[in-house]
Amino acid sequence: MTDTAWIDAALTSARPQAVGALLRYFRNLDTAEEAFQNACLRALKSWPQNGPPRDPAAWLIMVGRNVAIDEVRRTSRHEALPEDEVISDLDDAEDAIAERLDGSHYRDDILRLLFICCHPELPATQQIALALRIVSGLTVKQIARAFLVSEAAMEQRITRAKTRVSGAGVPFETPGAVERSERLAAVAAMIYLIFNEGYSASGETSEIRKPLCEEAIRLARLLLRLFQSEPEIMGLTALLLLQHARSAARFDASGELVLLDDQDRTLWNQKMIAEGLALIDKAMRHRRSGPYQIQAAIAALHARATTPEGTDWAQIDLLYGSLEILQPSPVVTLNRAVAVSKVRGAEAALQMIEPLGERLANYFHYFGVRGAFLMQLDRNEEARVAFDRAIALANTSAEAAHIRMHLDRLMRDSRPSGAKAEKK
Amino acid sequence: MLYAILCYHDEDFVGSWTRDQDAAVMARLAVVQDKLKKEGRLGPVARLLPTTAATTLRKDDPPLVLDGPYAETKEQLLGFYIIDCENLDAAVDVARDLGAANPGGAYEIRPVGVFLPGGDVK
């Protein structure tokens with residue numbers, strides 16, 4: 001790795017802690033970001049010459065603070081800025097500041113930074129964009145690319161989000177236990193949103209959007225390192241890793257979505273699977289179940305199966321059953337029905353989703369799944385109606401193409417049986 | 001004399017490598033390892049999963065199981081085991097047995113991500 005690549009990686013990993021601490025000092029997001037930016041510029045000059053500091057985050061916080069304070073002095077007294085060497089000469093100061101950065105501050109600083117991005121008044125897309133900009137430090141250009149919008153539009157979206165957040169007032173007091181766990185839940189949900197933004201990409205855009213998944217995993221790991229005993233954060237991290245592990249197998253060469261059953265399992269990333277399985281194993285020892293852990297456990301059962309036939313569908317059915325209790329939703333029931341169809345057959349599964357029709361009347365997957373069950377029961381005409389509806393509701397061309405494949409199969413299958421009927 | 005080489009680095013930093021950067025580092029290491037292996041001087045090599053996957057057993061009385069890596073600095077690393085277990089519960093049980101035989105201090109239990117058994121170095 002070259003010098004600059006090393007420094008880039010160090011700046012990226014120090015960013016959440018450094019910006020979080022600077023925000024606590026300055027209580028203003030713009031000032032904190034600017035201070036961090038200035039500190040990074042100094043780091044690019046100083047680190048290649050003087051070597052890396054022992055604690056890059058502490059160095060950046062110290063320099064960021066000094067530069068910002070000098071900035072204030074300079075503008076108020078029109079004094080010349082001190083030489084770089086003076087500001088960046090921190091050999092002695094570094095130990096002292098590293099000591100002062102005690103663990104609890106560090107934890108709440110980063111949580112606060114993530115939490116202000118989850119402001120309930122911000123629509124999900126703005127929350128995600130803001131987190132990627134402020135916490136992850138992606139450039140507006142990178143974020144715009146991942147969201148498939150123009151740079152100008154993304155710039156506007158982030159500016160608008162920042163204005164709203166600063167108008168709302170940032171909670172600076174150290175959170176109590178209840179507040180901390182509420183913040184944690186909001187932040188976990190936002191990280192999952194970031195992940196899904198990348199995961200729901202179509203075949204053509206999945207490569208461009210993959211960094212969103214990777215960033216979500218990085219943030220989840222960061223959160224877990226801060227809150228080591230939270231089984232739901234273990235579950236969230238495991239869930240993201242286990243889902244992302246399949247990314248190389250999810251699209252074929254022409255960009256078409258490949259269903260789980262048809263994926264080449266040798267393309268799954270075993271390293272991520274190992275980490276995901278280890279985390280879910282660790283979470284389960286706490287005997288405090290939650291939606292992320294259950295979803296991760298379901299993903300783990302898929303990951304453990306070396307063939308589709310080897311999948312423990314009965315266990316998946318049970319897990320979806322628990323998820324239905326914790327987080328009742330027609331979508332969860334729909335997913336459960338897929339497991340039920342494998343364990344007890346399509347008839348039972350179809351009965352299960354029949355009552356969902358009204359609430360999922362505009363949901364693509366409902367009609368896709370319903371069509372598949374009907375097809376298994378040889379109710380081909382009804383299956384075709386369901387598939388037609390699914391195509392009409394498809395969100396991406398990959399989804400539509402996938403259903404068309406089912407329709408083609410229906411046509412193919414119905415032809416020979418038609419021929420047979422003629423012979424009779 | 002057999003030597004153990006213990007690898008320390010900033011996890012955030014290593015974690016922020018792209019997959020290509022990671023693969024490049026592993027490829028460079030493999031060159032060094034292959035040379036040692038040919039000379040019959042390489043024992044097992046392990047790359048551990050991140051500390052987020054770690055669990056620590058404090059060998060107090062009674063022993064205490066904590067999430068996360070061993071973070072104190074007043075004790076020193078004195079040895080390690082590689083054990084094969086069905087799951088974390090089983091690994092914690094092994095650590096408890098070891099701890100009963102040798103109380104005091106702590107064991108950090110960390111899943112192994114990559115394990116290369118290496119050759120016989122005797």
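## Helix packing in a predicted two-chain model

Trainee: Which residues in H17(A) meet which residues in H18(A)?
Mentor: This is a predicted model. On the H17(A) side the contact uses Ala346(A), Ala349(A), Leu350(A) and Ile353(A). Their partners in H18(A) are Val369(A), Arg370(A), Phe373(A) and Gln376(A).

Trainee: How do the residues of that contact divide into nonpolar, polar and charged?
Mentor: Count the residues from H17(A) and H18(A) together. One is polar and one is charged, written as 1 polar and 1 charged. The nonpolar count is 6.

Trainee: At what angle do the axes of H17(A) and H18(A) cross?
Mentor: Two packed helices are described by the distance between their axes and the angle between them. Here H17 covers residues 346-353 of chain A, and H18 covers residues 364-376. H17(A) passes H18(A) in a left-handed crossing. Their axes come within 9 Å and cross at roughly 145 degrees.

Trainee: Why is Leu23(A) called buried?
Mentor: Leu23(A) sits in helix H1 of chain A. Leu23(A) is buried because the number of other C-beta atoms within 10 Å is 23.

Trainee: What separates the C-alpha atoms of Leu23(A) and Leu319(A)?
Mentor: Start with the chain. The two residues are 296 residues apart along it.

Trainee: Where do the buried residues of H19(A) lie around the helix?
Mentor: H19(A) has 14 residues, 380-393, and reaches 20 Å from its first C-alpha to its last. Its buried residues are Ala383(A), Ala386(A), Phe387(A) and Ala390(A). Seen down the axis of H19(A), they fall within an arc of 100 degrees, so they line one face of the helix.

Trainee: Which exposed residues does the face of H19(A) turned away from its buried side carry?
Mentor: Look at the face turned away from the buried side of H19(A).

Trainee: What covers the buried residues of H8(A)?
Mentor: Ile143(A), Ala144(A) and Ala146(A) are buried in H8(A). They fall within an arc of 165 degrees seen down the axis, so they line one face of H8(A). The cover includes H7, H9 and H11 of chain A.

Trainee: How many of the 14 residues of H14(A) are buried?
Mentor: H14(A) spans residues 291-304. The cover over its buried residues includes H10, H12, H13 and H15 of chain A. Among the buried residues are Tyr292(A), His302(A) and Ala303(A). H14(A) is mostly covered, and the buried count is 11.

Trainee: From which helix does the largest share of the side of chain A that touches chain B come?
Mentor: In this interface, 20 residues of chain A are in contact with 19 residues of chain B. H1, H11 and H13 of chain A each supply at least two residues of the side that touches chain B. The largest share is 7 residues, and it comes from H13(A).

Note on methods:
Residues are numbered from 1 along each chain as its sequence is written. Chains are lettered from A and ligands numbered from 1 in the order in which they are written. This is a predicted model: local features need pLDDT of at least 70, side-chain atom pairs count only at pLDDT 80 or more; totals for chains, interfaces and linings use all residues. Two residues are in contact if their C-beta atoms, placed from the backbone, lie within 7 Å. Helices (H or I, at least four residues) and strands (E, at least two) are DSSP runs, numbered from the N terminus. Axes are lines fitted to C-alpha atoms, for helices over the stretch in contact, and angles run from 0 to 180 degrees between N-to-C directions. A crossing is left-handed if the near helix is turned anticlockwise from the far one by less than a right angle, and right-handed if clockwise. Ala, Val, Leu, Ile, Met, Phe, Trp, Tyr, Cys and Pro count as nonpolar, Asp, Glu, Lys and Arg as charged, and the others, Gly among them, as polar. A residue is buried if 20 or more other C-beta atoms lie within 10 Å of its own, exposed if 12 or fewer, and partly exposed in between; C-beta atoms are placed from the backbone. The expected span of a helix is 1.5 Å times one less than its number of residues. The arc is that of the directions from the helix axis to the C-beta atoms.
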